Amino acid sequence: MIREAKESDCINLAALSLEVWLTIYSIDGIRAEISKYALSTFTEDYFRALLNDPKYQLLVSLDGDYFRGFALLNLESQFEKAENGFEIQKLYVHGPFRGKGIGQNLLSEIIARYGNKFWLYTWVRNKSIEFYKKFGFVDIGQYNFKFGNHIIENRVFAYGRT
C-alpha cells in the first residue's frame with residue numbers, strides 16, 4: 001500500500017533513511033563526516049518539518065505495519081528549466097526489498113498523483129542508475145556538490161521528456 005506520510009511515520013522514516021543513506025554513500029566505509037551528516041539529518045524532527053512544509057509531498061510504501069520505502073517530492077524545485085518538472089529528492093527502498101517493484105510502484109503513484117514530469121539526481125556510483133534508465137529516465141546533466149573535503153559527482157535524470 002502507498003499512502004501519504006503522517007506524523008506517526010517520522011520515526012520509521014528516520015530509521016529507513018539512515019539504512020538506505022549509509023548503504024549507498026558509505027560503500028568505501030564509514031568516516032566522521034558521513035556519520036555526523038546522517039545522524040544529524042535523518043531525525044524525526046527533520047521529517048516532521050517536511051510534513052509541515054507545503055512544497056513537499058511524502059509518500060510511504062507499506063506492507064502491513066512494515067515500511068518498505070518512501071518518496072520525497074519537492075514540488076517547487078527545478079533543474080535548469082520548468083519543463084523538467086518537480087524534483088524527487090529521495091526515492092528510498094529498504095535494502096532487503098530492492099528489486100521487488102517497490103520503487104516502480106512509488107514512481108507510478110507519483111505519476112498518478114502529481115504528473116509525469118519530474119527529475120532527480122543520483123551519485124554516479126549509485127546502483128540505482130540502471131533502474132532509472134530502465135524506467136524511462138533520461139540523463140540530462142550533472143550536479144556536483146561538496147561534502148566535507150570531497151566533491152560528490154551526481155548525474156541528473158529527467159522523466160517525461162518529449
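Reader: Taking exposed to mean over 50% relative accessible area, is glutamate 80 buried or exposed?

Author: This is a predicted model. In it, glutamate 80 counts as exposed because its relative accessibility is 66%.

Reader: Where does glutamate 80 lie?

Author: Glutamate 80 belongs to the loop between S3 and strand S4 (86-93).

Reader: And what is phi of glutamate 80?

Author: Phi of glutamate 80 is near 65 degrees, which is a positive value in a residue other than glycine. Most residues other than glycine have a negative phi.

Reader: Let us turn to charges. How many salt bridges does the structure hold?

Author: There are 12 salt bridges in the structure. One of them joins the side chains of aspartate 28 and arginine 125, with an N to O distance of 2.9 Å.

Reader: What about a pair within a helix? Which residue forms a salt bridge with aspartate 45?

Author: The partner of aspartate 45 is arginine 48, and their closest N and O atoms are 2.5 Å apart. Both residues lie in helix H3 (residues 44-51), where a separation of 3 residues is about one turn of the helix. An α-helix has 3.6 residues a turn, so residues three or four places apart point the same way.

Reader: How accessible are aspartate 45 and arginine 48?

Author: Aspartate 45 is exposed, with 54% relative accessibility, and arginine 48 is partly exposed, with a relative accessible area of 23%.

Reader: Which residue forms a salt bridge with arginine 68?

Author: Arginine 68 pairs with aspartate 63, and the closest N and O atoms are 3.1 Å apart. Arginine 68 counts as buried because its relative accessibility is 15%, whereas aspartate 63 is partly exposed at 45%. Elsewhere, salt bridges that share partners join Glu7, Glu44, Asp45 and Arg48 into one network.

Reader: What does leucine 13 contact?

Author: Setting aside neighbours within four places in sequence, leucine 13 is in contact with Ala5, Phe47, Leu58, Val60, Phe67 and Phe70.

Reader: Which residues of H1 are buried?

Author: The buried residues in H1 are Cys10, Leu13, Ala14, Leu16, Ser17, Val20, Trp21 and Ile24. As for length, the 16 residues of H1 should span 22 Å at 1.5 Å a residue, and this agrees with the 22 Å between its end C-alpha atoms.

Reader: You mentioned Phe135. Which residues does phenylalanine 135 touch?

Author: Phenylalanine 135 lies in helix H5. Not counting residues up to four places away in sequence, it touches Gln104, Leu107, Ser108, Ile111 and Tyr159. Leucine 107 is 28 residues from phenylalanine 135 in sequence, yet their C-alpha atoms are 8.9 Å apart in space.

Reader: Finally, strand S5. Why is S5 largely enclosed?

Author: Strand S5 is largely enclosed by the rest of the structure because 5 of its 6 residues are buried. S5 pairs with S4 in the parallel sense over 2 bridges, and phenylalanine 118 in S5 is the bridge partner of phenylalanine 86.

Reader: Is threonine 122 buried or exposed?

Author: Threonine 122, which is found in strand S5, is buried because its relative accessibility is 4%. Its side chain makes a polar contact of 2.9 Å with the side chain of asparagine 126. Beyond four places in sequence, threonine 122 touches Ser128, Ile129, Tyr132, Glu153, Asn154, Arg155 and Phe157.

Key: Residues numbered from 1 in each chain as written. Predicted model: local features only at pLDDT ≥ 70, side-chain atom pairs only at ≥ 80, totals over all residues. Heavy atoms only, no water. Salt bridge = Lys/Arg side-chain N within 4 Å of Asp/Glu carboxyl O. Helix = DSSP H or I, 4+ residues; strand = E, 2+ residues; numbered from the N terminus. Buried < 20%, exposed > 50% of the residue type's maximum accessible area, 1.4 Å probe, protein only. Contact = heavy atoms within 4.5 Å. Polar contact = N/O pair within 3.5 Å; in protein donor to acceptor, adjacent residues only side chain to side chain. Expected span 1.5 Å × (residues − 1). Pairing = 2+ DSSP bridges.
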